[in-house]
Amino acid sequence: MAAPSVTIERGKGPEEIALITGSEAIAVACKLADVDVITGYPIRPYDTVMQYIAKLIADGDFDCEYIIAESEHSQFEIVKHASVVGARVFCGSSGVGWMYAFEALTVTPALRVPMIAMVGNRALDDPGAFGVEHNDALAVRDLGWQLVWVDSAQEALDTALIAYRVAEDRRIFLPCAISCDGAFLTHSQGLVKIPSQEKVNEFLPRYDRGDLLLHPDNPITIAPQANEDWLMEIRRQTAAAMERSAGVIREAYKDFERIFGRSYGNPFFEEYETEDADVVLLGMGTLSTPVKVAIRKMRQEGKKVGFVRMRWFRPFAAEELAKCLERFKAVGVVDRDFSLGSPFHSGVLATEVRAAMNSSAKHPPVIGFICGLGGREVLLQDVEKMTGIVYEAAAGKTQAPTQWIGVRE
Amino acid sequence: MATIDVTLPKLDPIKGQKSIPLEEFFTSGHRTCQGCESALVMKMMAKAAGPRTIVLGSTGCMYVANTTYYSTSWVIPWMHTQLGSSGSAALGTAAALKSLMRKGKMKRSRLTSSRSAATAAAPTWASQLSRRP
């Protein structure tokens with residue numbers, strides 16, 4: 001297989017181990033999934049996946065129609081229609097590129113198109129930055145996209161395969177956007193076990209639209225215009241699909257573990273050092289690395305702090321998360337995004353966590369932190385500072401509900 | 001030369017009112033105004049393109065009036081696309097058919113296009129990228 005940039009070990013088992021970036025891992029997943037149509041439009045930092053896909057196709061390792069569109073809007077429209085005719089598709093973008101496709105992004109879930117997209121999270125213009133900020137992917141959170149954040153190249157590959165399995169399940173037929181932090185995951189390499197094609201074939205069935213296939217042998221009309229007399233019923237159907245998706249996600253992870261021998265535990269969020277924790281931090285994506293390093297340091301100093309890393313943002317596992325978080329004395333949510341004018345001027349994740357906690361009988365204080373925007377690093381001292389504030393809140397000292405960390409004042 | 005599994009019907013060009021075939025591929029079920037010339041054009045184009053056609057219709061009268069849920073006037077497969085996306089829609093449809101046929105995931109037939117001379121609001125007919133077998 002020509003895909004990995006550096007193969008460092010040929011395992012005895014059927015899995016090859018390679019040192020590849022998050023983007024390359026996604027490209028490898030597309031090849032293993034035998035994707036049929038891919039469109040690209042260059043924008044950093046997602047576009048490294050375009051290069052890896054192009055190389056796989058050029059080397060003859062991957063048979064796929066690969067089209068460079070003239071804009072992100074066309075890019076997402078092209079694969080939307082390719083999917084409806086029966087092709088397994090892949091797409092992606094970053095930052096304002098993703099925003100340029102917004103009209104297409106809006107209709108894709110409503111059309112029940114199981115597109116898989118990679119978002120290389122990038123700060124929005126203006127003022128813009130090349131580095132990570134989660135607002136691009138989060139912008140579609142109400143529309144029916146499944147949203148998941150990964151923090152390693154291995155998780156990127158595995159989650160891409162799981163995403164195809166879940167999105168293309170006839171009970172769901174909703175698109176899924178896999179978020180890889182710009183630069184910190186798209187461009188940094190990690191060791192990845194690449195599964196065999198046989199195992200992938202066992203895990204991932206053929207994409208079958210059944211009676212929803214657009215083809216002369218099945219002359220249906222897709223997406224007629226509705227009015228006030230039918231719109232709500234159609235929306236309700238799409239909502240029902242999203243409501244079913246948590247169950248399908250659980251099934252897919254169980255089957256993944258059975259076939260590939262890799263378990264992610266709870267699919268929706270990862271718990272790190274939470275068993276005996278007094279307080280926890282919560283966040284998404286690659287900030288998990290500095291957070292975990294800082295937690296190990298703080299644990300040695302006797303602080304009982306843990307970390308909850310959300311994977312699936314949509315569907316949001318509210319009840320499960322509330323049950324998890326109500327055990328702690330206080331929670332600090334680290335938002336690598338902003339939500340101007342939202343309740344308490346918090347970030348998106350903090351607002352959603354507070355909403356989830358509303359169903360719990362216990363109400364530990366939830367402090368929202370805005371940190372790491374535009375690729376600014378989340379430093380170990382930032383994590384320690386946030387933990388300190390959360391401890392203060394746990395001790396009953398009122399804290400500002402939202403605090404910006406690592407900002408010049 | 002790749003094998004062809006499904007042969008397209010031979011369609012003669014329609015020249016003159018008296019030679020218009022009777023079979024409708026765009027029929028009743030739309031809500032256009034009486035005498036709407038756009039609907040008349042759709043009716044004629046559908047006959048010229050024939051039954052092995054996929055239609056992509058961008059937003060306009062020919063979307064809203066022709067396909068108001070839960071009726072449709074299209075006898076052949078039709079899908080809505082965005083206002084500026086008819087080109088992308090046709091391209092995506094063609095690319096998918098080409099890829100699926102080449103990879104043996106769909107029965108092969110020839111892909112051709114018949115482009116209408118109508119307005120920008122007209123649908124785009126899928127699809128062609130001619131390809132060496």
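Predicted model: local features only at pLDDT ≥ 70, side-chain atom pairs only at ≥ 80, totals over all residues.

Student: OK. How many helices and strands does chain A have?

Tutor: Chain A has 13 helices and 17 strands.

Student: And what box do its C-alpha atoms fill?

Tutor: Along the principal axes, the C-alpha atoms of chain A fill roughly 70 × 60 × 45 Å.

Student: What does the radius of gyration of chain A say?

Tutor: A compact globule of 409 residues would have a radius of gyration near 22 Å. Chain A has 21 Å, so the value agrees with that expectation.

Student: What share of chain A is buried?

Tutor: Buried residues make up 53% of its 409 residues.

Student: And what about contacts between residues 24 or more positions apart?

Tutor: Take the contacts in chain A with a separation of 6 or more. Residues 24 or more positions apart account for 79% of them.

Student: Which domains does the assignment give for chain A?

Tutor: Domain 1 covers 6–260, and domain 2 covers 269–404. Their C-alpha centres lie 28 Å apart.

Student: How many residues does each domain give to the contact?

Tutor: Domain 1 of chain A gives 26 residues and domain 2 of chain A gives 19 residues. On the domain 1 side, the elements that give two or more residues are H6, strand S7 (146–150), S8 and helix H9 (231–260) of chain A. That side divides into 15 nonpolar, 7 polar and 4 charged residues.

Student: Sheets next. What is the strand order in the open sheet of 7 strands?

Tutor: The order is S4-S3-S5-S6-S8-S7-S14 in chain A, with mixed pairing. Strand S4 (65–68) and S14 of chain A are the edge strands, and each pairs on one side only. The twist averages 20° from one strand to the next.

Student: How do S3 and S4 of chain A run, parallel or antiparallel?

Tutor: Strand S3 (residues 37–40) and S4 of chain A run parallel, joined by 4 bridges. Within that pair, Thr39(A) stands opposite Ile67(A).

Student: What packs on that sheet?

Tutor: H3(B) does, touching S3 and S4 of chain A. The direction of H3(B) makes about 155° with that of S4(A).

Student: Which strand of chain A pairs with S2(B)?

Tutor: Strand S10 (residues 221–222) of chain A does, in the parallel sense over 2 bridges. Ile222(A) stands opposite Met79(B). The bridge partner of Thr221(A) is Trp78(B).

Student: And which strand of chain B pairs with S2(B)?

Tutor: Strand S1 (residues 55–58) of chain B pairs with S2(B), in the parallel sense over 4 bridges. There, Leu56(B) stands opposite Met79(B).

Student: Are the faces of S2(B) covered or open?

Tutor: Both are covered. Trp78(B) and His80(B) are buried on one side, and Met79(B) and Thr81(B) are buried on the other. In general, side chains in a regular strand alternate between the two faces of the sheet.

Student: What is phi of Ala183(A)?

Tutor: It is near 70°, a positive value in a residue other than glycine. Ala183(A) lies in the loop between strand S8 (176–181) and strand S9 (189–194) of chain A.

Student: Why does Ala183(A) count as buried?

Tutor: Because 21 other C-beta atoms lie within 10 Å of its own, and the cut-off for buried is 20 or more.

Student: And His345(A), what is its phi?

Tutor: Phi of His345(A) is near 50°, also positive. His345(A) has 17 C-beta neighbours inside 10 Å, so it counts as partly exposed.

Conventions:
Residues numbered from 1 in each chain as written. Chains lettered and ligands numbered in written order. Rg over C-alpha atoms; globule rule 2.2 N^0.38 Å. Buried ≥ 20, exposed ≤ 12 C-beta atoms within 10 Å, placed from the backbone. Contact = placed C-beta atoms within 7 Å. Pairing = 2+ DSSP bridges. Domains from an automatic or database assignment. Nonpolar A, V, L, I, M, F, W, Y, C, P; charged D, E, K, R; others polar. Axes fitted to C-alpha atoms, helices over the stretch in contact; angles between N-to-C directions.
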